[in-house]
Amino acid sequence: MLDWLLEPLSYDFMLRALAAGILVGIVCAVIGTYVVLRGMAFFGDALAHTVLPGVALGYMVNNGARDPLFWWALGTAVLASLGIGAISKNARIKEDTSIGIIFAGMFALGIVIISTVDDYAVDLSHFLFGDVLGISNSDLILTAIFGGIVILLVIIFYKEFLTLSFDPVLAATLRMPVSLLNNLLLVLIAVTVAVSMQMVGVALMVAMLVTPAATASLLTRRLWMMMIIAASIGAASSVVGLYLSYYLNIASGAAIVLTATAVFIVVFLFNPRQGIFRK
Amino acid sequence: MYPHTHHQTNQPILDVQNLSMRYDGQFALEDVTFHLHAGERVAVVGPNGAGKSTLFKVVAGVLAPTSGTVTVSGSRPTSHVCIGYVPQRAHVDWNFPVNVADVVMMGRSAVMGAFRWPTKRDWSHVHDALDTVEIRDLAKRQISELSGGQQQRMFIARSLAQQAELMLMDEPLTGLDIPAQEGILNLLDKLQKQNVTVMVATHDLDQAEKYFDRVMLLNHKLLGFGESKEVLKPETLMQAYGNRMRLLDANGNLMTLDDACCGEEEHDHA
């Protein structure tokens with residue numbers, strides 16, 4: 001058993017993947033708590049897909065070099081989050097419709113850009129489904145720095161984000177800068193998407209944002225506790241998923257997401273509060 | 001973040017001048033003018049969609065009026081953090097992961113200031129507020145587990161923790177059973193003793209008459225504002241409710257029967 005656990009750790013790429021997986025699992029789950037509570041799952045999914053053309057462009061411009069891609073992902077995600085935020089305030093088209101239009105259009109643009117490169121299928125699948133085993137040391141450092149910033153801001157503005165999410169009218173009467181805080185939250189989700197891109201890819205990103213947080217919401221009724229439980233589930237899913245990927249030789253991002261999904265299903269069916277099969 | 005404005009005590013706590021609010025060319029509020037003195041208790045009555053919620057949101061500084069001015073203790077509402085808004089219970093996400101004390105603590109955010117965490121002093125304010133509304137024993141209760149009256153008390157406690165001097169309560173009695181309604185109405189006495197000015201939107205003309213210093217009759221325009229016997233007269237009520245009302249003259253009591261009485265109140269523009 002011990003050997004079974006230790007063997008993958010003898011590979012540097014596995015160590016980096018585990019470290020990145022734990023970081024990404026925690027950051028996605030913590031910010032995902034707000035994604036779940038505010039009903040922004042579709043926004044998160046759309047945002048992740050919208051990053052594709054930016055990353056594809058960066059990939060072309062840098063002749064296939066991987067290191068600069070983080071910055072392209074970050075820039076695109078931040079721009080897209082604020083853009084979607086602004087457009088969805090347009091009252092003439094419903095919010096989910098306008099998000100749907102932008103997200104599919106941008107995603108198609110990304111695929112078009114990548115398809116101009118010869119032999120694009122491999123690269124495309126890395127962007128879509130992640131390439132956690134290809135994470136470099138510099139990627140890992142950037143993930144730690146930007147993930148750390150996200151967590152820090154969530155802690156610093158805890159009471160503001162809490163109040164704003166529960167009761168925007170109260171936030172306004174307390175004269176909180178409501179639209180600034182809303183935009184800050186969008187940017188934090190964008191940064192999270194950028195740091196998670198290499199881990200799970202754009203197609204499965206939304207699962208890292210919502211699945212651990214939704215699982216936690218079934219287990220606790222306090223926000224901070226929900227964040228802690230979600231972060232634990234997110235990190236554990238990454239670790240378990242990576243081991244499964246190593247031993248079963250299956251795609252790592254998908255293995256991580258499936259692990260998180262399995263945890264959700266178990267909790268959904270058996271949790272003591274409202275599980276279907278609770279005792 | 002979080003302004004702190006000194007109150008000019010020689011000014012009315014609330015002064016509304018020629019206030020109009022338009023959505024898509026329709027007047028939600030039209031040329032409304034009135035003022036309140038500190039410690040007053042006012043019932044705001046009028047049919048559904050009369051603009052009661054809109055008036056409260058403009059007074060709270062949450063919505064900007066199309067024209068006219070709102071002045072709270074001598075300055076704009078947006079410079080104050082002392083205006084408490086008690087939301088309609090139907091507009092609250094009762095599954096949100098917070099307990100009663102968490103919600104009341106939200107009211108302390110402005111007093112605490114940015115980058116601060118609750119201190120002992122904030123907790124004692126929260127507990128005092130819960131004592132005032134008599135639900136201290138429910139501090140750790142999940143909000144989804146509260147009765148209607150307890151939910152309403154929690155939001156009043158939150159306004160107290162906010163140190164609100166002007167409280168705007170949007171239909172606090174709607175959907176409550178009679179004992180719970182009386183509990184809330186008794187609480188208003190306590191608030192008055194603390195010199196809190198209270199505006200309550202309500203459907204119940206009887207209660208408006210019985211428990212409030214003045215009654216405001218609103219249907220987009222201000223149709224009457226004064227003592228209940230001045231305002232709740234058949235002529236003015238007909239103006240407000242039109243054919244949505246029937247007057248029953250049983251023992252000299254007025255009653256309104258508003259068909260739309262218990263549906264969703266007004267459009268949510270915030």
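User: First up, which helix is the place of Gly85(A) in?
Analyst: Gly85(A) sits in helix α4, residues 69–87 of chain A. Helices here are DSSP runs of H or I with at least four residues, strands are runs of E with at least two, and numbering goes from the N terminus. Keep in mind that this is a predicted model: local features need pLDDT of at least 70, side-chain atom pairs count only at pLDDT 80 or more, and totals for chains, interfaces and linings use all residues. Residues are numbered from 1 along each chain as its sequence is written, with chains lettered from A and ligands numbered from 1 in the order in which they are written.

User: Is Gly85(A) buried or exposed?
Analyst: Buried, because 21 other C-beta atoms lie within 10 Å. The cut-offs are 20 or more for buried, 12 or fewer for exposed, and partly exposed in between, with C-beta atoms placed from the backbone.

User: And what does Gly85(A) touch?
Analyst: Leaving out residues up to four places away in sequence, Gly85(A) touches Asn183(A) and Leu186(A). Contact means C-beta atoms, placed from the backbone, within 7 Å.

User: OK, helix packing. How do α10(A) and α12(A) cross?
Analyst: The axes of α10 (residues 178–219) and α12 (residues 252–270) of chain A come within 9 Å and cross at roughly 20°. Axes are lines fitted to C-alpha atoms, for helices over the stretch in contact, and angles run from 0 to 180 degrees between N-to-C directions.

User: Switching to chain B. What's the strand order in the open sheet?
Analyst: The six strands go β5-β6-β7-β3-β8-β9 in chain B, with mixed pairing. Strands pair if DSSP finds at least two bridges between them. β5 (83–86) and β9 (221–226) of chain B are the edges, each pairing on one side only.

User: How many bridges between β6 and β7 there?
Analyst: Five, and the two strands of chain B run parallel. Leu168(B) is opposite Met199(B) in β7(B).

User: Last one: how many residues does each chain put into the contact?
Analyst: Chain A gives 23 residues and chain B gives 22 residues.

Technical notes: Contact = placed C-beta atoms within 7 Å.
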